[in-house]
Amino acid sequence: MSETASPDPELFDKIVNLSKRRGFVFQSAEIYGGFRSTYDYGPLGVLLLRNVKDAWWRSMVQERHDVVGLDASILSPPQVWQASGHLANFSDPLVDCTNCNARHRLDKLDDPNVCPTCGSEGTFTEAREFNLMFKTHAGPVTETAAEVYLRPETAQGMFINFANVLNTSRKRPPFGIAQIGKSFRNEITPGNFVFRTREFEQMEMEFFVPPAESQEWYEYWCQTRMDWYLDLGMDPAKIKLRAHDDDELSHYSSGTSDVEYLFPWGWDELEGIANRGDFDLTQHATHSGEKLDFFDQANNERYVPHVIEPAAGATRTAMAFLMDAYDEEVVNGDTRTVLRLDHRLAPYKIAVLPLSKKDTLTPTAMEVFDSLKRRWMVDYDETQSIGKRYARQDEVGTPYCVTVDFDTLDDRAVTVRERDTREQDRVSLDQLEGYLAERLS
Ligand code: GAP
């Protein structure tokens, strides 16, 4: 990519087609006509998504001494959302067109007086605030008292467990709590494939710091999060950090920056990094009556920590990596599609391919598969010509293909083909694991 990257609108359909054709993402409830804006992750998609989440967890939790993990419940009582402000403010303004009955988000209309569905002017109703949280009932009763919500973000789980984690983990500010999990929003305008859906996965971390250090840590996390995407191979020309203007900031935030990616429809958000001050802990302390602060013995001072929050979408990020890795090149007059995914994100790391389906090769090919499967996700494919099988593996980003041929039976060696260069090496079976380990590290 050059420095002046521009969006590639055609890429969108290519990714949607590849996702369906190769089993990354399926329309949910497809056999019943499909459930709009909801998706199921197929055999390859579940691996890609898991690898994105693993890479995040590794860098945010495993490789840090100052961040611990959490897996909080999805169902939560109204008190949580009252304190967080979501019951009052987590809404979008909706208007109905009295001519065609279409419903639109007022803040997304090009012209607030013209209905984009039927073109009529001045036919909108007064705007109504539409709360985006999904509400349901706990237990067999449907009374208001039994109302609960599906969380619209994972973040509140970290705030309401602040004291539990502080008292059990021996961490002290600056320290963070990280969580990956599903969130639900009754989005009025879902779309762009898995970019905006009603059910999605988030990867969020709340980093609690002494108030005087908040700006320093905010800058640190902006940089650290940008580096994460770049380290996993994202094209530097297609990713940027955009600081919010003052009029975009929440009233409690003294700084927010979005990590944006150049999607086929233009620049759009992958992740938000916010300096949230002491808003969340103070709100929950006030509403619950519990102390949510920290006593710093060294300085003999009690304070409410400030929070820096890097909040990313796992499903959205997986799609961005898919788009970023997609490449087409002409080889000997044919177009080859190749996903140049970082090894850590590739669904399968290796494919074992017996040259022919003949019984004579199967035992050795299975022996190779068995020797590698403990360490890596390995695909095994023995149908079609070897050329077609290489092409299938290139298209889903498998870094190495290991071919077992008739010579293998004599020389105990296999051909290893690398995805990006298509270069091949002959490697003896007793060296194979070490050869791959060196390259897949
Ligand atoms: N706790 C702060 C928070 O939730 P957000 O900007 O609303 O902030 C964080 O969400 C990230 O979650 C977004 O940057 C995006 O990647 C992802 N996300 C939010 N809504 C989404 C949706 N409807 N579908 C897919 N991903 C979504």
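This is a predicted model: local features need pLDDT of at least 70, side-chain atom pairs count only at pLDDT 80 or more; totals for chains, interfaces and linings use all residues.

Residues are numbered from 1 along each chain as its sequence is written, and side-chain values use heavy atoms, with hydrogens and water left out.

**Ligand site**

The shell around the ligand holds 18 residues, and Glu-153, Glu-187, Thr-197, Glu-204 and Glu-269 come nearest. By class, six are nonpolar, three polar and nine charged. Charged means Asp, Glu, Lys and Arg; nonpolar means Ala, Val, Leu, Ile, Met, Phe, Trp, Tyr, Cys and Pro; the others, Gly among them, are polar.

| Protein atom | Ligand atom | Distance |
|---|---|---|
| Glu-269, polar side-chain atom | oxygen | 2.5 Å |
| Leu-270, backbone N or O | oxygen | 2.9 Å |
| Glu-309, polar side-chain atom | nitrogen | 3.0 Å |

The protein covers 88% of the 550 Å² of accessible area that the ligand has on its own. Areas come from the Shrake-Rupley method with a 1.4 Å probe.

The ligand sits in the largest pocket. A pocket is an open set of points on a 1 Å grid over the protein atoms alone, where a 1.4 Å probe fits, with protein on both sides within 12 Å along at least five of seven lines.

Strands β11 (199–209), β14 (266–277) and β17 (306–313) each give two or more residues to the shell. β17 gives the most, with four residues.

**Overall protein**

The protein has 13 helices and 24 strands. These are DSSP runs numbered from the N terminus: helices are H or I of at least four residues, strands E of at least two. The C-alpha trace spans about 75 × 65 × 55 Å along its principal axes. Of the 441 residues, 52% count as buried, meaning under 20% relative accessible area with a 1.4 Å probe and protein chains only.

**Local details**

Glu-271 is found in strand β14. Why does Glu-271 count as buried? Because its relative accessibility is 0%. Its side chain makes a polar contact with the side chain of Tyr-229 at 2.6 Å; within protein, one atom must be able to donate a hydrogen and the other to accept it.

In helix α11 (residues 386–395), the buried residues include Arg-389, Tyr-390 and Gln-393. Just after α11, Gly-397 takes a positive phi of about 85°.

Methods
A residue is near a molecule or strand if one of its heavy atoms lies within 4 Å of it. A polar contact is a pair of N or O atoms within 3.5 Å; within protein, one must be able to donate a hydrogen and the other to accept it, and residues adjacent in sequence count only if both atoms are side-chain atoms. On a 1 Å grid over the protein atoms alone, a cavity is a set of points where a 1.4 Å probe fits but cannot get out, and a pocket is an open set with protein on both sides within 12 Å along at least five of seven lines; lining residues have an atom within 4 Å of a point. A molecule sits in a cavity or pocket if more than half of its atoms lie within 2 Å of its grid points. Buried means under 20% relative accessible area, exposed over 50%, partly exposed in between (1.4 Å probe, protein chains only).
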